[in-house]
Amino acid sequence: MASSETAEPRIAVDGLTMAFGGFVVQRDIGFKVPAGDIFVIMGASGCGKSTLLKHMIGLIEPAAGDILYDGKSFTGAPPGERAVMSRRFGVLFQSGALWSSMTLAENVSVPLSQYTDLKPAEIAELVSLKLALVGLGGFEDFYPSEISGGMRKRAGLARAIALDPDILFFDEPSAGLDPLSSRRLDDLILELRDSLGATVVIVSHELASIFAIADNSVFLDAESRTAIDGGDPKELRDHSPHAGVRDFLSRGEGRNPGP
Ligand SMILES: Nc1ncnc2c1ncn2[C@@H]1O[C@H](COP(=O)(O)OP(=O)(O)OP(=O)(O)O)[C@@H](O)[C@H]1O
């Protein structure tokens, strides 16, 4: 199946302008994400990273431009087709947003009960498999309040991959985690990309995480309100023509302090 799709990038964002009423958040953004890439959306606080991610999954409509998956317009697709296209998406928001009154197994089973005709025993089997994939085998009957923040993120990840998505979207996945848990989550994201063959889009400003996992990126500039750079973050840190991008990616340490 993949071979017939290789001509098109998995994701293309084309001339995208995002606005809330008359307030333009970012204009004329364009980038492509090849299948299997881990792509990071970067930029200063408030520049529009989460808003871009919400556009990509169809929660917000563009003011202008298009978002395409395998060359097919998502923005312009009729609702039925869009729903089919979004079945490919696995989404993990910053909060992790597990239902506190449900066990981990119940949380992960929700999308399976909602979107498949599988029998309860089959669902239970799949749920255990997904929990095992994120290192939570044996924690089926625990409640979110009984596990650590890092484990909750991983449980959220298990739920996001319940329907075997091939495109994963994460908004600040390591927010609130200690460096070690954050690192384990990065490793898990890399593993999932490899085992599921998924394409991953992440909003992040954690430099360690960005350098550890990203193949590619876009940098949204808060001042000019457009994408001013993109590519391998390490390359951007060392060679971006924009001082603001180099500073962002080196925490300002690359800047010549002057006399
Ligand atoms: N629903 C909304 N209605 C109006 N304005 C909004 C809405 N959501 C976000 N904004 C505004 O759009 C801009 C971009 O917000 P967004 O949350 O996308 O930024 P961000 O880069 O993800 O920020 P952070 O890194 O702080 O999470 C901000 O000025 C924000 O106040």
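In which sense do strand β7 and strand β8 pair, and over how many bridges?

The model is predicted: local features need pLDDT of at least 70, side-chain atom pairs count only at pLDDT 80 or more, and totals for chains, interfaces and linings use all residues. Residues are numbered from 1 along each chain as its sequence is written.

**The sheet**

Select strand β7 (residues 167-171) and strand β8 (residues 199-203): they pair in the parallel sense over five bridges. Strands are DSSP runs of E with at least two residues, helices are runs of H or I with at least four, and both are numbered from the N terminus. Two strands pair if DSSP finds at least two bridges between them. Within this pair, Leu 168 stands opposite Val 200 in β8.

Now select Val 201, which touches Val 33, Phe 39, Ile 41, Leu 53, Met 56 and Phe 169, not counting residues up to four places away in sequence. Contact requires C-beta atoms, placed from the backbone, within 7 Å.

**A loop residue**

Move to Ile 147, in the loop between α4 (120-133) and α5. Ile 147 is partly exposed because 16 other C-beta atoms lie within 10 Å; a residue is buried at 20 or more, exposed at 12 or fewer, and partly exposed in between, with C-beta atoms placed from the backbone. Not counting residues up to four places away in sequence, Ile 147 touches Phe 139, Phe 142 and Arg 152.

**Two positive phi angles**

Select Asp 28 in strand β2 (residues 23-33). Asp 28 is not a glycine, although its phi is positive, at about 50 degrees. Asp 70, in the loop between β4 (64-69) and β5 (72-73), also has a positive phi, near 50 degrees. Asp 70 counts as partly exposed because it has 17 C-beta neighbours inside 10 Å.

Notes. Two residues are in contact if their C-beta atoms, placed from the backbone, lie within 7 Å.
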